Amino acid sequence: MRWMNETDASLMLAIWNDSGFIRYVADRGIRTEAEARQALRDGILKLYEERGYGPYLLEPRDGGAPMGICGLFKRDNLDFPDLGYSLLPAFRGSGHALEAARAVLAHARDDLGFSRVLAIVSPSNTRSIRLLNKLGMEFERALRMPGDEKDVALYATPLAVMD
């Protein structure tokens, strides 16, 4: 796991245009590598600068192509950071997201001092909900994010009680 930079625009372009991401998260309308680079600057890289955290790029331990991202985000309408992750299709279902999410939550608790982390998920994304449950996160309520037309499910976990 490592912080991202502008050279990771091709990975983000693939993630943002993945049919699963579009179905369960949103269609960001980012279609070129140049647009992805700008979106990285305006989003993830700005988050690192302003908050000192953000999503990590996931790479195989033995090298190879990036698998996806996992990390913390900060939404203006949420009091605590939220866990977000997205793996490319070839890497889904292999335990990588669970392993990365556990590491991110431990980092949030041990290094960043957060007492609580949230997650927002499409209510129809059963695979993601199962992962959140494995992490000890529990459903709190339905939530309408600013600018969205549909509710998402808000999950949370107090970090002090995590294994």
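Arg116 is partly exposed, with a relative accessible area of 24% (buried means under 20%, exposed over 50%, and partly exposed in between, using a 1.4 Å probe and protein chains only). This is a predicted model, where local features need pLDDT of at least 70, side-chain atom pairs count only at pLDDT 80 or more, and totals for chains, interfaces and linings use all residues. Residues are numbered from 1 along each chain as its sequence is written, and side-chain values use heavy atoms, with hydrogens and water left out.

**Salt bridges: the overview**

- Side chains of opposite charge can pair when their charged atoms come close.
- A salt bridge here is a side-chain nitrogen of Lys or Arg within 4 Å of a carboxyl oxygen of Asp or Glu.
- The whole structure holds 11 salt bridges.
- Arg2, Asp8 and Glu59 are joined in a network of such bridges.

**Arg116 and Glu140**

- Arg116 and Glu140 meet through their side chains in a salt bridge, at 2.8 Å from N to O.
- This pair links distant parts of the chain: Arg116 lies in strand 5 (residues 116–121) and Glu140 in strand 6 (residues 138–144), 24 residues apart.
- Helices (H or I, at least four residues) and strands (E, at least two) are DSSP runs, numbered from the N terminus.
- Glu140 is partly exposed, with a relative accessible area of 37%.

**Glu99 and Arg61**

- Glu99 forms a salt bridge with Arg61, and their closest N and O atoms are 2.6 Å apart.
- Here too, distant parts of the chain are linked: Glu99 sits in helix 5 (residues 96–110), while Arg61 sits in the loop between strand 2 (55–58) and strand 3 (68–73), 38 residues apart.
- Glu99 is partly exposed at 39% relative accessibility.
- Arg61 is exposed, at 78%.

**Asp82 and Arg75**

- Asp82 pairs with Arg75 in a salt bridge, with the closest N and O atoms 3.0 Å apart.
- Asp82 is buried, at 0% relative accessibility.
- Arg75 is partly exposed, with a relative accessible area of 27%.

**Nonpolar cores**

- A nonpolar core is a set of buried Ala, Val, Leu, Ile, Met, Phe, Trp, Tyr and Cys residues joined through side-chain atoms within 4.5 Å.
- The largest nonpolar core has 45 residues, and Met4, Leu83 and Leu135 touch the most other members.
- Helix 5 gives the most to this core, contributing 7 residues.
- A second, separate core has 7 residues, including Leu78, Leu118, Leu143 and Ala156.
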